[in-house]
Amino acid sequence: MVNRDVTIQNSVGLHARPATFFIQKANQYKSTIWVEKDDRRVNAKSLLGVLSLGITKDMTVTLIADGSDEEDAINGLVDLINGGLESVL
């Protein structure tokens with residue numbers, strides 16, 4: 001199991017369109033992936049789950065992955081959050 005904290009950088013957080021891209025990326029991996037904020041943990045492959053967290057700009061969340069490609073999953077999702085989500089707005 002691998003986990004990493006990441007701060008959301010894009011201007012609208014993980015809402016609607018950016019969340020969709022995040023979930024599509026999460027679904028590329030075999031590992032089970034969660035997003036954790038405060039005391040809530042949701043499936044990173046679930047649009048409703050991710051949207052229910054209400055993640056906005058400058059919030060820090062924890063990404064957790066468990067499975068055969070857990071390192072790749074965390075690295076890919078962190079890279080997307082740190083640089084790729086702003087371009088989908």
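The accessible surface of the protein comes to about 4600 Å², and carbon and sulfur atoms hold 46% of that area. Accessible areas were computed by the Shrake-Rupley method with a 1.4 Å probe; for residues, only the protein chains shown count as cover. The model is predicted: local features need pLDDT of at least 70, side-chain atom pairs count only at pLDDT 80 or more, and totals for chains, interfaces and linings use all residues. Residues are numbered from 1 along each chain as its sequence is written, and side-chain values use heavy atoms, with hydrogens and water left out.

The protein has 3 helices and 4 strands. Helices (H or I, at least four residues) and strands (E, at least two) are DSSP runs, numbered from the N terminus. Their order from the N terminus is β-α-β-β-α-β-α. The radius of gyration is 11 Å, close to the 12 Å that the globule rule gives for 89 residues, so the protein is as compact as a globular protein of that length. This radius is taken over C-alpha atoms, and the globule rule is 2.2 Å times the number of residues to the power 0.38. The C-alpha trace spans about 30 × 25 × 20 Å along its principal axes. Of the 89 residues, 43% count as buried. Buried means under 20% relative accessible area, exposed over 50%, and partly exposed in between (1.4 Å probe, protein chains only). Contact means heavy atoms within 4.5 Å. Of the contacts with a separation of 6 or more, 70% link residues 24 or more positions apart.

The 4 strands form an open sheet in the order β1-β4-β2-β3, with antiparallel pairing. The edge strands, β1 and β3, each pair on one side only. The twist averages 25° from one strand to the next. Axes are lines fitted to C-alpha atoms, for helices over the stretch in contact, and angles run from 0 to 180 degrees between N-to-C directions. Two strands pair if DSSP finds at least two bridges between them. β1 and β4 pair over 6 bridges. Here Thr7 stands opposite Thr60 in β4.

Strand β2 pairs with β4 (residues 60–66) over 5 bridges. To β3 (residues 40–43), β2 is joined by 4 bridges. Trp34 has a bridge partner in each: Ile64 in β4 and Asn43 in β3. β2 and β3 form a hairpin with 2 residues between them, and Asp38 in the turn has a positive phi of about 55°. In a regular strand the side chains alternate between the two faces of the sheet. In β2, the covered face holds Ile33, Val35 and Lys37, while Thr32, Trp34 and Glu36 make up the uncovered one.

Two loop residues were examined next. Ser31 lies between α1 (16–26) and β2 (32–37). Ser31 is buried, with a relative accessible area of 1%. A polar contact of 2.5 Å joins the side chains of Ser31 and Asp69. Such a contact is a pair of N or O atoms within 3.5 Å; within protein, one must be able to donate a hydrogen and the other to accept it, and residues adjacent in sequence count only if both atoms are side-chain atoms. Beyond four places in sequence, the contacts of Ser31 include Lys45, Ala65 and Gly67.

Leu14 sits in the loop between β1 (2–7) and α1. Leu14 is buried at 1% relative accessibility. Leaving aside residues up to four places away, Leu14 touches Ile8, Ala19, Phe22, Val50, Leu51, Ile55 and Leu85.
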